[in-house]
Amino acid sequence: MHQFPTHRQLSLTAALLTVALAGCGDGTPADGARWSDAPLATPTAVAAPPPAAVGTPTATTANCPDPRPAPSSATALDPTAATYLGRDGADSANAVDISAACEIVVGGRFSGLSGGTAITLGKGGAGAVLRLDPTGRKLLGTTRLAGVVEDIEVRRGGGEIAVATDRGVFLLDARATAARWQRGGAATRVAVGSAGTVAALLGGTVKVYDLKGATLTSIRPADRTVSDVAVDDRAGLVFVSGFRQVKAGRCVPVQIAYVHAYDHRGKLRWRAYDHAADRLGDLCADSRADRIALGRDGRLYLAGETAGGNTIFNRSAADSSRPALNVVIDSFTEASNTSNAHLTYLARFDPATGRQLAGQMVLARIDTKGDQGNTIKPYAITADESGRVYAGGVSAYQIAGRSRATLGGVRLAPYAGGDAWVLVLSADFKRRITWTVFTDGGAGAVRGLVAGSGIAAAAARVDKGRFWRTRSVQSGGLPAGGSGYLAAWPGLS
């Protein structure tokens, strides 16, 4: 077993990451809920899910760009814009979404940024919600908040913007001009359903509010670390993900990923992974469910992390004795020769039942060391209306085809110590549509992704320059110490 670090931002090198023990108390699977449905067949790729009837942003066609065909190469992408955001080493673009008017909405910390309308709510500060046009080329407005914006999500249909800051939880109107309501406490993650249910992560507790800000319930999974939240108002469920640390059994100690689904009264309805320690067998690699999101296709998506390939992610989310429905494309999706490298795992679930529908391992490889598996960590996941999967984060040396990666037809500089990557998978997980990086001789991490309504965009933290840029909304180069970053490109037809 291999222990994960406690800090989310890591300095990567071409070698494997050094990791430290992160403990959170012993725990056992929660009672009172059924396991997600076990797979009934041998692992095969699932068909693309049908587009969801509900959940697509209501926007006038004139405001939304036309989707484009997929690029001819997975290593080539042609963004409509790519820009630094902010001029201070503490600045970061932490989250991104699409508004009901097909504007790109970005949340984070941004200093020295000007353009468009400027609004301050309360005392204001460096934290802000930005609105940009659908191409990402024009800054339409900046709304300043008292705390750093850690996460945002736009209500699909209504357009209100749920915001998590280190000073509280907000529900802003669709143009971020006013707060519908605000609740105190430092929040790190937030999600909003189509009917306006808001779930926010405050420490180890998930607070659930209705559209008017009334508290519906508080969820605190016993002896578990919580990493993320998602909401599906059609199913009436709030999803919580993370891990628990176990100090008993064959794998001692070991971290075990979980995804839980709760109703609005806080009752546990289903769970995925969260296996009992004595059911792991020899699957002793630490695992975490880092990010979850309700895709625009109406499915639930997971971006997990595992310290090595001997992991529960190779097994069904419902039954560790059954194989998972994992799709293998090539050596970059097969957890072999990995040692203790931290790998990414992507999965799709039926949100109503928790049934796992598909999965895939994602890893980097070191070509100079016999293609040894190397670390790649996920910080964001989403899916478009057709079920194409978008994931991103930070990768050590190096993703597939890295030496051939181009943006706007220009070859990127070689890996320089932590690539900010984005992966786009076909809906059946069988084909990589895009796998590229935005680092162009620099280092950083993608922290937010969105895809839908003819738009795709990535929000990132720049740790050191340079990142690739075109049609920037901010003039000048990268200030010392880093900044935020946004890249936008056409959505897929």
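A salt bridge is a side-chain nitrogen of Lys or Arg within 4 Å of a carboxyl oxygen of Asp or Glu. The model on your screen is predicted, and local features need pLDDT of at least 70, side-chain atom pairs count only at pLDDT 80 or more, while totals for chains, interfaces and linings use all residues. Residues are numbered from 1 along each chain as its sequence is written, and side-chain values use heavy atoms, with hydrogens and water left out.

A search of the whole structure finds 22 salt bridges. Begin by selecting Arg 296 and Asp 97, whose side chains form a salt bridge with N and O 2.8 Å apart. Arg 296 sits in the loop between β21 (287-294) and β22 (300-307), and Asp 97 in strand β4 (residues 92-98), so this pair ties together parts that are 199 residues apart in sequence. The strands here (E, at least two residues) are DSSP runs, numbered from the N terminus. Both Arg 296 and Asp 97 are buried, where buried means under 20% relative accessible area, exposed over 50%, and partly exposed in between (1.4 Å probe, protein chains only).

Next, select Arg 180 and Glu 160, which meet in a salt bridge at 3.3 Å, N to O. Arg 180 counts as exposed at 52% relative accessibility, whereas Glu 160, at 7%, counts as buried.

Then move to Arg 269 and Asp 263, a salt bridge in which the closest N and O atoms are 2.8 Å apart. Arg 269 is partly exposed, with a relative accessible area of 33%, while Asp 263 counts as buried at 8% relative accessibility.

Finally, select Asp 88, Asp 91 and Arg 109, which are linked in a network of salt bridges.

Note on methods. Helix = DSSP H or I, 4+ residues; strand = E, 2+ residues; numbered from the N terminus.
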